[in-house]
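Please read it alongside the sequence and the model.

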Amino acid sequence: MIFLELFLVYFQIGMFAFGGGYAAMPLILSLVVEGKGWLSMAEYADLTTIAEMTPGPIAVNSATFVGQKMAGLPGAIVCTIGCILPSLIIVLTLAYFYTKFRGLKIVQSVLGELRPAVVAMIASAGTTILLMALFDTSTLSEIHDVHWIELILFALALFALRKYKVNPIAIIFSTAIVGTLLYMI
């Protein structure tokens, strides 16, 4: 039964996470953490970090992580298939229809109208990740404690990215190393 549940949850995430991995994060939070209770908020924050640092799409990485946690290797495979299957079906269907009707003005209009919704979903995911990392909450009304190390690392990373155009991969690894060293002290 757990395999069917895992498949259906990640099939939903794969089906409704328009806009890529960051847009999927609020959906993963809602279904996996709040809905099923398969992860705690701390584990979700760890999942987000691991999924961003490892190669591949964030939603697929999270599917593999959650599936592994819940049901071992078979669970990881089931979740991963559940996550990518909707995209595969949708992309193949859309590719067929797009090649047939791409010249129509209404098709161009619909694609243009979807852009703001995708931007809003990505902004929501980014805000949730930021709040969890800095304040251990996903909503502004529940902010109580500040994680000063994370806040300082975030500010320094943002400054380095914006002012000096430092490579984001270097930022990820350097903040991981510095954060780990600071927490070991």
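A polar contact is a pair of N or O atoms within 3.5 Å; within protein, one atom must be able to donate a hydrogen and the other to accept it. By that criterion, the side chain of Thr128 reaches the backbone oxygen of Ser124 at 2.9 Å. The structure is a predicted model.

**Confidence**
- The protein chain has a mean pLDDT of 90, and 100% of its residues reach 70 or more.
- Within the protein chain, helix α6 (residues 148-164) has the highest confidence, at a mean of 95.
- Confidence is lowest in helix α3 (residues 41-53), where the mean is 85.

**Thr128**
- Thr128 lies in helix α5, which spans residues 105-135.
- The relative accessible area of Thr128 is 10%, so the residue counts as buried, the cut-off being under 20%.
- Apart from neighbours within four places in sequence, Thr128 is in contact with Leu29, Thr137 and Ser138.

**Nonpolar surface patch**
- Tyr96, Phe97, Tyr98, Phe101, Leu104, Ile106, Val110, Leu111 and Leu114 make a nonpolar surface patch of about 870 Å².
- Helices α4 (58-101) and α5 each supply at least two residues of this patch.
- Phe101, one of the patch residues, belongs to helix α4.
- With a relative accessible area of 36%, Phe101 is partly exposed, because that class runs between the 20% and 50% limits.

Conventions:
Residues are numbered from 1 along each chain as its sequence is written. This is a predicted model: local features need pLDDT of at least 70, side-chain atom pairs count only at pLDDT 80 or more; totals for chains, interfaces and linings use all residues. Side-chain values use heavy atoms; hydrogens and water are left out. pLDDT is the predictor's confidence in each residue, from 0 to 100. Helices (H or I, at least four residues) and strands (E, at least two) are DSSP runs, numbered from the N terminus. Buried means under 20% relative accessible area, exposed over 50%, partly exposed in between (1.4 Å probe, protein chains only). Contact means heavy atoms within 4.5 Å. Patches are made of residues with over 30% relative accessible area and no salt bridge: like charges are joined within 9 Å, nonpolar side chains (Val, Leu, Ile, Met, Phe, Trp, Tyr) within 5 Å. Accessible areas come from the Shrake-Rupley method with a 1.4 Å probe; for residues, only the protein chains shown count as cover. A salt bridge is a side-chain nitrogen of Lys or Arg within 4 Å of a carboxyl oxygen of Asp or Glu.
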